[in-house]
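Me: Hi! Could you walk me through this protein model while I have it open?

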Amino acid sequence: MNSRQDNRQTRRKLVAKIGELAHGMSKKFILRSNGREVEAMLVNYQGEFFAYFNRCPHIGITLDWVDNQFFTVDRRYVMCANHGATFEPATGECIWGPCLGAVLQSVPLEIDGENIFARSRNGDPQE
């Protein structure tokens, strides 16, 4: 393994395995960003995985109403528990609520075999 590959390995964090989350399921994880630890969420929407920081763009509070519960009852949208802001899972765009048009801050993902990794935007070490 060369030094570039070593650097790549230290800038990502294993957050889940393929098959661990069914459609409409989510999982929180901690990610290092800009020198501090922040909470993020991985969501499975129709078999595709997306990740966002767990912060509502409206007032900056966490989105989950119960630990790891981000989806609406029909598993169609991600919803903020505080004011009911509703987000498209694939884009993070708010389509209803007080932050209409705002977007959740995305976390880059990398799928390597059966592993799902979150990547730091600024290269902070993850592992």
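What follows is a short chat about the model above.

Reply: Happy to. This is a predicted model, where local features need pLDDT of at least 70, side-chain atom pairs count only at pLDDT 80 or more, and totals for chains, interfaces and linings use all residues. Residues are numbered from 1 along each chain as its sequence is written, and side-chain values use heavy atoms, leaving out hydrogens and water.

Me: What's the average pLDDT of the protein chain?

Reply: The average is 88, and 87% of the residues score at least 70. pLDDT is the predictor's confidence in each residue, from 0 to 100. Over residues 1-10 the pLDDT is below 50, and that stretch has 9 contacts in the model beyond near neighbours in sequence. A contact here means heavy atoms within 4.5 Å. Residues 123-127 also stay under 50, with 22 contacts beyond four places in sequence.

Me: How much of the chain is buried?

Reply: Of its 127 residues, 39% count as buried. The cut-offs are relative accessible area under 20% for buried and over 50% for exposed, with partly exposed in between (1.4 Å probe, protein chains only).

Me: Which way does S1 run against S9, parallel or antiparallel?

Reply: Antiparallel: strand S1 (residues 12-17) is joined to S9 by 5 bridges. Two strands count as paired if DSSP finds at least two bridges between them. Ala 16 stands opposite Ile 116 in S9. Strand S8 (residues 109-112) also pairs with S9 in the antiparallel sense, over 4 bridges, and here Ile 111 stands opposite Ile 116.

Me: And which residue has a positive phi in the hairpin of S8 and S9?

Reply: That's Gly 113, with phi near 65°; the hairpin has 2 residues between the strands.

Me: Switching to S3 and S4. How many bridges join them?

Reply: There are 6, and the strands run antiparallel. Val 43 stands opposite Phe 50 in S4, and 5 of the 6 residues of S4 are buried. Their hairpin has 2 residues between the strands, where Gln 46 takes a positive phi near 55°.

Me: Where's Gly 47, and why does Gly 47 count as exposed?

Reply: Gly 47 is in the loop between strand S3 (36-45) and strand S4 (48-53). Gly 47 counts as exposed because its relative accessibility is 52%.

Me: Last one: what's the volume of the largest pocket?

Reply: The volume is about 190 Å³. Residues lining the largest pocket include Arg 36, Phe 53, Cys 56 and Leu 104. S3 gives the largest share of that lining, 3 residues. A pocket is an open set of points on a 1 Å grid over the protein atoms alone, where a 1.4 Å probe fits, with protein on both sides within 12 Å along at least five of seven lines; lining residues have an atom within 4 Å of a point. Grid points are joined across faces, edges and corners, and the volume is the space filled by probe spheres set on the points.
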